[in-house]
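Subject: Structure for you, with notes

Hello,

Here is the structure I promised to pass on. Please open it alongside this message.

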Amino acid sequence: MYWIKNILFLELTKNQKSSLLSFLKIFVKKHIEKSPEEILGLFIEDETYYNNQNNPHFEWIIEEFEKDKFISELKVYISECKKVLEEKNKQKLQTAKLKEELKQQKRKTQETAMAKQKPTKKQLYYYEKLCSRYNIEKVDIKGLSRLDLKNMIGKILDAQSAPKVI
């Protein structure tokens, strides 16, 4: 994409080129589902409309639309923007899958570590309070790990919050 920016719109000033390219990138993002030719048509239509309303985005662009070179450069840039944005969308799916895999791996690592540790005082206290609150018979918790106690507490809470069928 960088090399495209360097070879297109050489007749524009630095500020004109920068503002046009950033505006086009946003415009293509809004109309990503359309073809580059349709996007170009919409862009020209919008700029003509805003110019007729005396509120143009770019005051200099209307006379540039008459040049074939400018129109062809617009097509090239729009198609490149479209390609880049479509690639980013594909990568988002892969990134989401990777994040989910990392979460599962982290959870598994934490559970492995918890399986080797003794339960905390807070866990023991919370377990006893849950058992007394819901009139559940206490299980002998000696020799259980932090993970075992966490799972037992989770089962108690799930059982109490589950809807009861009459």
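Predicted model: local features only at pLDDT ≥ 70, side-chain atom pairs only at ≥ 80, totals over all residues.

Residues are numbered from 1 along each chain as its sequence is written, and side-chain values use heavy atoms, with hydrogens and water left out.

**Aromatic pairs**

A pair of aromatic rings is described by the distance of the centres and the angle of the planes. Here, rings of Phe, Tyr and Trp (its six-membered ring) pair if their centres lie within 6.5 Å. Planes under 30 degrees apart count as stacked, over 60 as edge-to-face, and the rest as tilted.

Searching the whole structure gives nine aromatic pairs. Take Phe-23 and Phe-43. Their ring centres are 6.1 Å apart and their planes sit at 50 degrees, so this pair is tilted. Helices (H or I, at least four residues) are DSSP runs, numbered from the N terminus.

Phe-43 is buried, at 0%. Phe-23 is partly exposed, at 22%.

Both belong to a cluster linked by ring pairs. Its members are Phe-9, Phe-23, Phe-27, Phe-43, Phe-58, Trp-60, Phe-65 and Phe-70.

**Salt bridges**

Side chains of opposite charge can pair when their charged atoms come close. The cut-off: a side-chain nitrogen of Lys or Arg within 4 Å of a carboxyl oxygen of Asp or Glu. The structure has six such bridges.

- Lys-34 bridges to Glu-33, with the closest N and O atoms 3.3 Å apart. Lys-34 is partly exposed at 26%, and Glu-33 is exposed at 57%.
- Lys-83 bridges to Glu-80, with the closest N and O atoms 3.7 Å apart. Both lie in helix 5 (residues 68–115), three residues apart, about one turn of the helix. Glu-80 is buried at 17%.
- Lys-82 bridges to Glu-86 at 3.3 Å, N to O. They are four residues apart in helix 5, so about one helical turn separates them. Lys-82 is buried at 11%, whereas Glu-86 is partly exposed at 35%.

Salt bridges also link Glu-11, Lys-69 and Glu-73 in a network. Glu-73 lies in helix 5 and is buried, at 7% relative accessibility. What does Glu-73 contact, leaving aside neighbours within four places in sequence? The contacts (heavy atoms within 4.5 Å) are Ile-7, Leu-8, Phe-9 and Glu-11. Phe-9 is also in the aromatic cluster, and Glu-11 is in the salt-bridge network.

**Ala-115**

Ala-115 is in helix 5. It is partly exposed, at 40% relative accessibility. Which residue lies 33 places from Ala-115 in sequence, with its C-alpha 7.1 Å away in space? That is Asp-148. Setting aside neighbours within four places in sequence, Ala-115 is in contact with Ser-145 and Leu-147.

Best wishes

Key:
Buried < 20%, exposed > 50% of the residue type's maximum accessible area, 1.4 Å probe, protein only. Helix = DSSP H or I, 4+ residues; strand = E, 2+ residues; numbered from the N terminus.
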